[in-house]
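Hi,

Here is the structure I promised to pass on. Have a look at it first, and then read my notes below.

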Amino acid sequence: MTLFYILAFSFLGGAGSVGLAALALLIPRFTAARFVSVFVSYATGALLGAAFIGLIPHALHELGAGALFPTVIAGIVAFFILEKLLIWRHCHEANCPEHKTAGPLIIFGDALHNFVDGVIIAAAFLTSIELGIATAVAVIAHELPQELGDFMILLESGYSRARALAYNLLSSFTTFAGGLLAYFFLKELSQAVPYVMAVSAASFIYIALADLIPGRRKHASLSQTAIQTILMLLGIGTIALFHLHAH
């Protein structure tokens, strides 16, 4: 049953997000941009909630502070290096300068990122069903605007709609590979699960603080800031509700 949950939520986080993003492209560009903005704000809260309310407390219980926090810090540094080497940046805007002419690197980076998402989802479900669902919600929330942003960038880089969709779908299936491999690997090496959760928390924190929040700070009016804050709190609240229900 755990494997079923892992594969089902890996599908929603990978191919499901690509499909919804593709549908979003059918709406006018201005509306699509607002769609991205809403989901980015919500995803920021969901990622931070999943990291600080779900993953870190569970890993802390198993590892203790002496092992947990160095692992989280090492993970943040590692994701910074990956971003620099692979342009593995979660830019959610169509006019992102880092991605403007980097179509192949976007696809490769997205495939790697989706693989990591699968590992994160598997590690969470191997801990508990509630933690798995809450973590998957955070993954899906930030995958939706990311996939939509990737579509827009690939189209502006000269890819046809069919080609952009095919490449994004192909890269999304690495979520299954990550989830499946992590399920069998971590099931045999259960002592590695809390370390994977600590690194997963580092990934969520890095994405939220380095990639999502900076874009929300640009030219935001007071009303926009209020809406972004409410959406962020809604994302945190969604994760908190899962854990309140679990306890």
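**What I found**

Met1 sits in the segment before helix 1; helices here are DSSP runs of H or I with at least four residues, strands are runs of E with at least two, and both are numbered from the N terminus. With a relative accessible area of 69%, Met1 is exposed. For that label the cut-offs are over 50% for exposed, under 20% for buried and partly exposed in between, using a 1.4 Å probe and protein chains only. Met1 and Ile129 are 128 residues apart in sequence, yet their C-alpha atoms are 9.9 Å apart in space.

Before going on, a word on where this comes from: it is a predicted model, where local features need pLDDT of at least 70 and side-chain atom pairs count only at pLDDT 80 or more, while totals for chains, interfaces and linings use all residues. Residues are numbered from 1 along each chain as its sequence is written, and side-chain values use heavy atoms, with hydrogens and water left out.

**The overall picture**

The protein has nine helices and zero strands, so its elements run α-α-α-α-α-α-α-α-α from the N terminus on. Of its 247 residues, 50% count as buried. Among contacts (heavy atoms within 4.5 Å) with a separation of 6 or more, 84% are between residues 24 or more positions apart.

**The cores**

A nonpolar core is a set of buried Ala, Val, Leu, Ile, Met, Phe, Trp, Tyr and Cys residues joined through side-chain atoms within 4.5 Å. The largest one has 50 residues, and Leu47, Leu186, Met197 and Phe204 touch the most other members. At least two residues of this core come from each of helix 1 (2–24), helix 2 (29–63), helix 3 (65–86), helix 4 (103–127), helix 5 (129–156), helix 7 (174–188) and helix 8 (193–216). There is also a second, separate core of six residues, including Ile107, Phe151, Tyr159 and Ala164.

What does Leu47 touch, leaving aside neighbours within four places in sequence? Its partners are Ala138, His142, Phe204, Ile207, Ala208 and Leu212.

Leaving out neighbours within four places in sequence, Val139 is in contact with Asp117, Ile121 and Phe204. Val139 is buried, at a relative accessible area of 1%. Glu130 also has its place in helix 5, but Glu130 is partly exposed, at 30%. Glu130 and Gly54 are 76 residues apart in sequence and 9.3 Å apart in space, C-alpha to C-alpha.

**Helices 6 and 7**

The axes of helix 6 (residues 161–172) and helix 7 come within 4 Å and cross at roughly 0°. Axes are lines fitted to C-alpha atoms, for helices over the stretch in contact, and angles run from 0 to 180 degrees between N-to-C directions. The two helices are therefore roughly parallel to each other, a label for angles under 35 degrees; over 145 is roughly antiparallel, 65 to 115 roughly perpendicular and the rest oblique. Leu170, Ser171 and Ser172 of helix 6 make the contact with Thr174, Thr175 and Phe176 of helix 7.

Within helix 7, the buried residues are Thr175, Gly178, Gly179, Ala182, Tyr183 and Leu186.

**One more residue: Val18**

Val18 is in contact with Glu147, Phe151, Leu165, Asn168, Leu169 and Ser172, leaving aside neighbours within four places in sequence. Val18 and Leu170 are 152 residues apart in sequence and 9.9 Å apart in space, C-alpha to C-alpha.

Cheers
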